[in-house]
Each structure stands twice: as structure tokens, then as C-alpha cells.
Amino acid sequence: MPGWRQVWFQLHWLVGITGGTLLMVIGLSGALLSFREECLDLLNPGVRQVAPRAEPVLAPAQVAAAVARVHGARRISTMMVYAEPGAATRVIFAPLPGQRRGESIYVDPYSGAAQTLRGHEAFEWIEALHRWLLLPRETGDPVTGTLALLLIGMAASGLYLRWPRRALSWRTWLTFDPALRGRPFLWNLHAVLGTWVLPLYLVLAGTGLYWSFDIVRDSLESWAGRPPRAAMNHAAAKPAAKGADMPAGMAHATGTATLALAWDSFLGKAPDWRMASLRISEKAAQPIQISWLGAAAPHEQARNRMSVLAASGTITQDKRYADLNVRDRFLTTFYPLHMGTYFGLPGRLAMMLAGLAMPLFGITGWMLYLGRRKLKRAARAERALLADTATATASPAPAGATAATTLLAYASQSGSAERLALRSAAALRQAGAAATVQSLDRLAPSDLLGYARVLLVASSFGEGEPPDGTRRFARLLKQADAASLSGLRFGLLALGDRHYSDFCGFGRALDQRLRALGAKQLFPAIEVDDGDAVALQRWSHSLAQLCGVDKLTGIAPGTNDGAADDAGKHANGSADDANHAGAWQTWQLVERTLLNPGSQGGPLYEVVLDGAGANWQAGALLEVLPRNPDGAVAAWLRQSGLDGHASVRLGSAVCSLHEALARSILPAPAVATSLASAAQASSASAVPTSSASAVPTSSASVAPTSSAQACADQLRPLAPRSYSLASLPQDGGLQLLVRQESHPGGLGLGSGWLTAHAPLDAPIQARLQANPGFAPAEADGPAIFIGNGSGFAGLRAHLRARALAGRRRNWLLFGEREQAYDSICADEIAQWQAAGLLPRLDLVFSRDGARREYVQDRLRGAADELRGWIADGAMVYVCGSLQGMAGGVDAALVEILGADALDDLAAAGRYRRDVY
């Protein structure tokens, strides 16, 4: 059975591709009608509006006389008079036989000259197209009414399909990303623009229903207390008790006199009129109906109504708009809302743009639909190809489907192991092997026995520990009975980085424990050092041998794959994958602020990069390529005797030796000395021997350059440094909190570059990196944020995101040294608290007070409240130093909740850490 979302999706595109074309016609014609009067004025200058003069304007009776002089005895049915200086009076004649509407002319309010409008008939045609699609009115009304219902359905289904996880964030709803391309661009344009115009379409469609269906109109008018239209039409059609049709010969004289009396009576009762429409009855004894707008009328349908006896000027009815009930006044807003005039010029522009946007939805909808069909066809073809390949190459399968399947199980903190597992499974499937992918977070050790073979991709976290989500599996594996996995055949790919002491700690422990429980290796465990391409090729080759093929493709995308998930770079590893890390970019260092002057701890800086065009979510990381300070590079060059300006090739790029050294690990002093000696020897050997006094040839100047290249060939690039982002894209910049580290040899390389050596406005090479292990939760529940020092960066980004989303139940526990010097971001925290976004706040300053207290101590003191938050579904986010704070918090949580419960929290994704 399809889910609700699929049902809504099918309805959305079905209505869009069927009724969408007609809705485009209605939208475009409505856009043209939005400024009908202005368009007619452009075509007919000096007709509807003449230059005001210092002379009295013609009264309606005088206008009627002027018209009669030209048009004879033609009966005037309606006259529209305007108080605005220079506005012409519109005269509408009674329709001739066969006409639906009578002819209109405009009369100069000073001279009485009459003119017709060019283009009026064209706009009449456009209006008929808009309202009835050029069908007879009895047929066109229900057709356009049905289209209005379809538009409401598309708006509702589109809203449902687009509903974001952070529904209270206006940026999520209304922000368009121009950097997108292809289908994402089309979808984003369709969805975001649709959100902007959705209220307008609901107004247009809802008011359109009022005119399209009699049942809707009659029901609303009955609700408003108006008499039934059938009764009104019957009363209007009933002949007058006295009087008769006005003889043609008397029409002019009598009409002029009665108009004068009626107009004088009207002016006596309505001195503040702005527009008056006089409806002149065909019967001499019937009153003249005057519908008029006051100077302060809220919209053009807020009309007052007056009936005046033609013969005597007696007012028989004076009904004011202000006396109408609220429901009746509400009905009068339908037309100005539909046209946008209710909100003046901005409203008219908005409705026009909404009409013009209708074809855009149709076009993008069709493009998405056709693109989706194309992708489906390609997917079906690919599945058919894979099925044929599997049939041709796969060996006969055992009876059980699962028993013939290879399980790719991964343990990942930042997503690198997961991506390698997915790529490996895809490669196996292409080779004809059945493969499935699962996270160890969701498995128990006994689950592994149900598969023909298990291939494990395991990252390490912290000091050789399992990733947070895999702690439960690791605990169950440790508790498993001996020989309980004797039927398991497994292969292992362990990810790590040899820069750190416990290289591939969890992967090695996993391999040893599985073998201790009786599992058999399919091949020796493969260890990957920082995405080593050679190791990944060995993994690919091992899987190919399992499948009985020569080669698998698509597993190792290339060198520097970023597979290392081990402790050190950020304790979450690094990920150089197109899906999780962006390309290296150059951003400008625009701001650097010391947050804790006078602190006993290391200086803590807020560093801001311009971040133009960047997009990320809370919890993300920024990888920064540091540089050696210019002074250190100059000192090394002096010791080596090499020319820093010499051009060298570094990888595929050409740069100066000074630039190459700035971006690389500086060789040891002994290397510099040997290079200097080599440069001198090379210079001496380049001097010609034919003459002792000969000037060195050009070859003599090449020797130092050759040594410079020899130096460049030995350089190793500086490793990037990862920092938690302390901001969101809406903040306008990439904000970091960087602790300046000091060592005997000087400042730390990364922190020193960002906090001291890089001048303001300097270009900083960096890239965004997703951090799935610390990403925001999808659930809209409470959250507990725990951290210390520069770890406030990751917490701040999350709290800002929750503030934008209106998620108010947050608990912050944050530790620093002294309140007087280390109250970083205190104003922002106070604002959150004042806004009700931090119902619980614990700021712990370890150096204040007689006894040192840390966040883990405060956590233990609030154990009962912590259990209550966890029971309510709270997420726990920890960001800060691994040694001390994160380890202490982890121990405290084990004491309060129990080790099993904490492992279950991690496996469920409710315990997320970003520690270093």
C-alpha cells in the first residue's frame, strides 16, 4: 500500500499535468487584467482622465444632455461619476437587442465631449477568457470553479510534500539557493516560489469559487443575512404598480430634470462622496439607484446605497456600508482581495506576479515530471542489466535469501565508514553478488550469523574506542559466549590515521574479538591510513576475489579519500567525499576577537570568515589548511641557503619555494643544512674549468633552483585542522571559536595561523565538512547541551538553529575557568534565557569557589532532572575536550543512566559527541 506522502505526490503531479495548462491560461489572463485601467489609459491618453481646469464640472443632468445631443434618444442605463478633478464620467447605454452589455463612452467633465476607448473590446475578451475560458457563462462557471478547486488541492498537497523538519524556521520555507543546478535547482525554485505565492493562490481560488458556483455564493450570502438572489430578481422583475415606460420623445427632457433632482438630493446626504454610480431605471416611476463610495472607503466594494425618487428627489433608502453586519462586509472584500486592490498597489502587483508565475510552475512541474520519468527509465534499465548480469555470473543461491547475501556492516562516527560500505555494496552488486548494508548500531552479534559472509568497515573514535552509536554492539560482542560466532566468515577494513597512538584501535579490537569467538577471516584485516589509496585498492581486490571477478570499480575514488575516522584530526576524523565535504575554497578572514582577556587559560578567539555562498547545518565542521608563519619560513630558508623566490613544482602546481614551504611541513634543520651544502657544491661544479677567472655561466645560477626543486620533492603537505562551526548560514559568516595553543617552539600551527599570524583580510583556504555524528536531530524534542571551552562553538550553532525553529526546551551545561574572565558569549546566552529558550542553564566555573567543580559534577547533582529529560526523549549533545570534560561527562552519564542505557541512547542517535 502506498503511504500518504506517495498518494499526495501522485495527486499533485496528476492535477498539475492535467489542469495545469488551463490554470496557466487563467493566471496569465488574470495578470493582464490586474492593470486593465492603466493599460487602457496608455492606449487612450486624455480619455478617462483629462487635465483639471479651474471651472465647474458638469453635473449628471448636464452630462446626460450632452450625450443626448450626440446620441439622440438612446437610453442611458448607468452613469459613473468621479469626484477626482479631471476624471471623465463614464456613460453606459442600455444594451441593444442581442448584446450582453451596452456600449460605454467617456464624457469630458468640462466640455461634455464624448469618446470611446480603444482596446476595450480586447480586454472584454481577456476577461471572458479568464472567467469562463470563452465558454458560455453557464458552462464556463463550473469549469473555472473546478480549476479553482484543483488549484487549492495542488497548494495543499504541495504544502504537505514540502513540509520541512524545521517548520518554524522562515528561512527554511522562503530561502532560495541559487547555487543549485539541475533537478535540485528546479525543485527548489518550484517549492520556494510556491511557498511565496501559496497564500495568494488560496485567496484567488477561494474567491473565484464564490463566482463560479451558485451553491457557494448562495450559501455565503445566506450566512451573511442577505435575501436570496431569486427573491431579489423576482422583486426586480415585478412591474411597477403605477407608471409606464418613458416615451422616447420625453426621455431627454424628463431624464435631465429627474437626474438633477436626484443628484441634488444625493449631494445633500453624501458630501464626502468619491465615486457614484447612478443606475437609471427604464420605468419613469421607479427610483434611481445610487451606489457610492465615501472618501474614506476601505476598498472599492465598500459601497453605500441610496434610492431616490426621480420625480420628487425624495430619498426612499439610505443604506450605509458602516451599518452592514460583519459577515456582509466580509463578502464585499472578495473582489478587492481577488484583484489585490484591497492592499493597494502592492496587492495588485503581488496578484499580477502570482498570475505571471503560474506558467513557471507548469513548466518546472513538467520538467521535473519528465526528468523523473527519464530517471525511472534509466533505473529500470540499470536494474534489468544488473539482473541479467547476476543471472549470468552468480553461482546458484542457497535456499534462504539472506543466507546468500553479503552483509556490509559499518561502524562510523562522521560518515566515512558508511560511505565506503555503500560503495563496496554497490560494487558487489555490479559484480552480480547480493549485498545489503547495515549499521552495526542496529545489529547484535548474533545477527551476523544470518549472512553468507560479513564485510565490516570500522572507524575508531577517541582513544581507539568504537564510534558512539556502535558502543552497544561492542558491549554485546564483549559479553558474547566463546565460539558463539563459529559459523561467521568475515572480512574487515579498519580506518585510522598513524599520526595518533592507537591506530585503528576499534578495528583491531573488533578483529581480535571476532576471531576469539570462532569467526573465520575471509582475508587478513586491511588497515587504511588516512584514506590510503593503496590500502583501499587491496580491499577492492579482496572483494573482487570473493566475487570471482578480476576487478571491482567504484570503491576507492582516489587518493586522499578521507576515510580516516580515527582520533586526532577532530576525534571524528575527516571526510573528503563529495557528499559530505565541499571543495576547498578561499574565504577572507574578516574578524578576530579575543573573548577572554585576562583568563588563566589559553586565549580564546572568535574568528570570522566571510563565508560567501556557503551553506551548512548546525554541527558541521570547517577544515582549514594552515600555513607556516612567514618568519619561520624565512629562518628555514636562511639556514638552507636556498632562494625562496625560486619556482618549483609542487604536485601539479607551480609556485615559489617560499609558498611551497609555507604550505608544507618544514624539513628538519639537518635537511636544510644538507641542502645548503648541495647547493654550494652544485654551484662550484657549474663553473667552467677553462679559465679560473671566468664569470659563471647561466648554468651556475641554475644550481640553487635545482636544489629548491629537490627540497620541494621532499615536502609533505600540512594536514588540515578541523573546527566546529559556531554559526549558521543565516549569520552571514563562518564563525569559529579557536583556542590559541602554545608549545615550546611557538604557537600551534592551526590555531597560531588563525589567531595571530594570518593578517585580517588574508585569504584562508578551507572547506565545509558534514558531521553526521553531531548533526541536528530530526525529532522535535528536548535537548541537553554539554561542553566546555571552545566546545561552545558546536553548542552555539545548535542552540541558534533551535531558536530559529522555535524549539524552546533546551538545557545548557557549560564549563570554563573563571566567571570574571571566561564568560564567553554571555550576552547571547542571556538573550536565549530571557526568550525562554533555556529553561535550565548551568554555567560552571571551576576556578571560582573553594572547591573545584566541573560540568560532570553539576550533571551528577542534577541526576533526577536528567533522567526526567531523557524519559521525555531528550537528545544529548557533548562538545569540547575529550580528555577531562567529555570523558568525565561520559562516566557521569554511565553512573546516572547505566552503561546499557547510555549505549542504547547512542545506538538510537540520541547521544551525539563532537570532541577533540
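At what angle do helix α15 and helix α29 pack, and how far apart are their axes? The tour begins with that pair.

This is a predicted model, in which local features need pLDDT of at least 70, side-chain atom pairs count only at pLDDT 80 or more, and totals for chains, interfaces and linings use all residues. Residues are numbered from 1 along each chain as its sequence is written, and side-chain values use heavy atoms, with hydrogens and water left out.

**First stop: α15 and α29**

Select residues 471–479 (α15) and 899–907 (α29): these helices pack at an angle of about 135°, with their axes 7 Å apart. Helices here are DSSP runs of H or I with at least four residues, strands are runs of E with at least two, and both are numbered from the N terminus. Axes are lines fitted to C-alpha atoms, for helices over the stretch in contact, and angles run from 0 to 180 degrees between N-to-C directions. The two helices are therefore oblique to each other; angles under 35 degrees count as roughly parallel, over 145 as roughly antiparallel, 65 to 115 as roughly perpendicular and the rest as oblique.

Next, display the side chains of R471, R472 and R475 in α15, which meet A899, D900, L902, D903, D904 and A907 in α29 (contact means heavy atoms within 4.5 Å). By class, this contact has three nonpolar, no polar and six charged residues. Ala, Val, Leu, Ile, Met, Phe, Trp, Tyr, Cys and Pro count as nonpolar, Asp, Glu, Lys and Arg as charged, and the others, Gly among them, as polar.

**Second stop: α2 and α4**

Move to residues 36–43 (α2) and 120–132 (α4), which pack at about 155° with their axes 10 Å apart. α2 and α4 are therefore roughly antiparallel. Between them, R36, C39 and L40 of α2 meet H120, F123, E124 and E127 of α4. The contact of α2 with α4 comprises three nonpolar, one polar and three charged residues.

Select α23 (792–805) together with α25 (residues 826–834); the angle is about 35° and the axes lie 12 Å apart. F792, R796, L799, R800 and A803 in α23 meet E828, I829 and W832 in α25. Five nonpolar, no polar and three charged residues make up the contact of α23 with α25.

**Last stop: the largest cavity**

Keep α23 selected, for it gives the most to the lining of the largest cavity, with four residues. β28 (875–880) also supplies at least two lining residues. The lining divides into eight nonpolar, three polar and three charged residues.
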